[in-house]
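Please read it with the structure in view.

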Amino acid sequence: MARFLIVRVALIVVTLLAVSVAIFSLIEFAPGDAATVILGQAATPENTKALRERMGLDMPPYERYLTWVAGAVQGNLGIAASGKEISGIVPGRLFNSSLLAVGAFLIAVPLGLAMGVLVGVKSDTLIDRFLTLGGLVTISLPEFVTGIILVLVLSSTLGWLPSSSIMLPGETIIGNPQVLVMPILTVTGALFAYILRMARANVIEVMESNYVRTAILKGLPMRTVVMRHVLPNAMLPTITVIANNVGWLFGGLIIIENLFAYPGMGSLLIQAINARDIRLLQSTAMVIAAVYAFSNLAADLTYGWLNPRVRLA
């Protein structure tokens, strides 16, 4: 297991280095001057030069990259264009996005697994067709469409929930949990449907195996067959899909957080793009990439623990 972990961590380090180069290069070759864009109409040769020096834009590209990477490794993400320490901005935003992701997971994963096993065992029945069709429709709808529908129904029509997650200065997500409901429901829809379809497909495949048919022919109760023979084998690939969706969530949250004005990593990324805040953009993108990479590591470790053959590969 130790060798398995070392190999996976080494791959993550190499991947994150490659991602850092890609992010830096894309921003480096983007058209326009960041300092001029940030200052806008107030740009003068003097204050533009001063801002470029403060942002490190007067240094050669390779030196800026090495300075950024070295600082990130030490936990120093630099200073945003607003003058605030990025290391003081990111943790709060990451916490807010984590609340959104965890809330969606706590709803979608148990419900998706339970419904997936149910329709997998009872395939080609009315409930199977209903849930499979509903899941297909949910996956097909873009997330912003699902969010708009929820706003129209739950906020505009019924008035049960606020239409956005905008908060006054000093307010927190913990103190206003109602602002989480519609973003979580929007994320949960697609995630639930995806897990349901994956679990259903894996359960059907295992149900058609010879050892399960033998267990049924021996007269074992279907509940025992499902718990002892079907679930342990059907859940292995499903667990990997679930863990990998952590990274997908943080990428997909960009749209949802901006739709509801939710103060998370996704909205911070868009804010950095609009402001041409290079250091904030680089750091936010790298944090999202790191979350995705380590969620994949968690999936690999879980899968390797459940399936020893993977560790020995």
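1. Basis. This is a predicted model, in which local features need pLDDT of at least 70, side-chain atom pairs count only at pLDDT 80 or more, and totals for chains, interfaces and linings use all residues. Numbering starts from 1 along each chain as its sequence is written, and side-chain values use heavy atoms, with hydrogens and water left out.

2. Helix H3. H3 spans residues 45–55; helices here are DSSP runs (H or I, at least four residues), numbered from the N terminus. Thr48, Leu51 and Met55 are buried in H3. The buried residues fall within an arc of 65 degrees seen down the axis, so they line one face of H3. The arc is taken from the directions from the helix axis to the C-beta atoms. Pro45, Glu46, Lys49 and Arg54 are exposed on the other side. Buried means under 20% relative accessible area, exposed over 50%, and partly exposed in between (1.4 Å probe, protein chains only). Gly56 follows H3, with a positive phi near 80 degrees.

3. Largest core. A nonpolar core is a set of buried Ala, Val, Leu, Ile, Met, Phe, Trp, Tyr and Cys residues joined through side-chain atoms within 4.5 Å. The largest has 31 residues; among those touching the most other members are Leu16, Trp68 and Val90. H1, H3, H4, H5, H11 and H12 each supply at least two of its residues. H12 gives the largest share, 11 residues.

4. Aromatic cluster. Phe24, Tyr65 and Trp68 form one cluster. Rings of Phe, Tyr and Trp (its six-membered ring) pair if their centres lie within 6.5 Å; planes under 30 degrees apart count as stacked, over 60 as edge-to-face and the rest as tilted. The rings of Phe24 and Tyr65 have centres 5.5 Å apart and planes at 65 degrees, so they are edge-to-face. This pair links distant parts of the chain, with Phe24 in H1 and Tyr65 in H4, 41 residues apart. Tyr65 and Trp68 are also edge-to-face, with centres 6.2 Å apart and planes at 65 degrees. Trp68 is buried, at 4% relative accessible area.

5. Positive phi. Most residues other than glycine have a negative phi. Asp124 has a positive phi near 65 degrees, and sits in the loop between H5 and H6. Ala261 has a positive phi near 55 degrees, and lies in the loop between H10 and H11. Asp124 is exposed, at 57% relative accessibility; Ala261 is partly exposed, at 36%.
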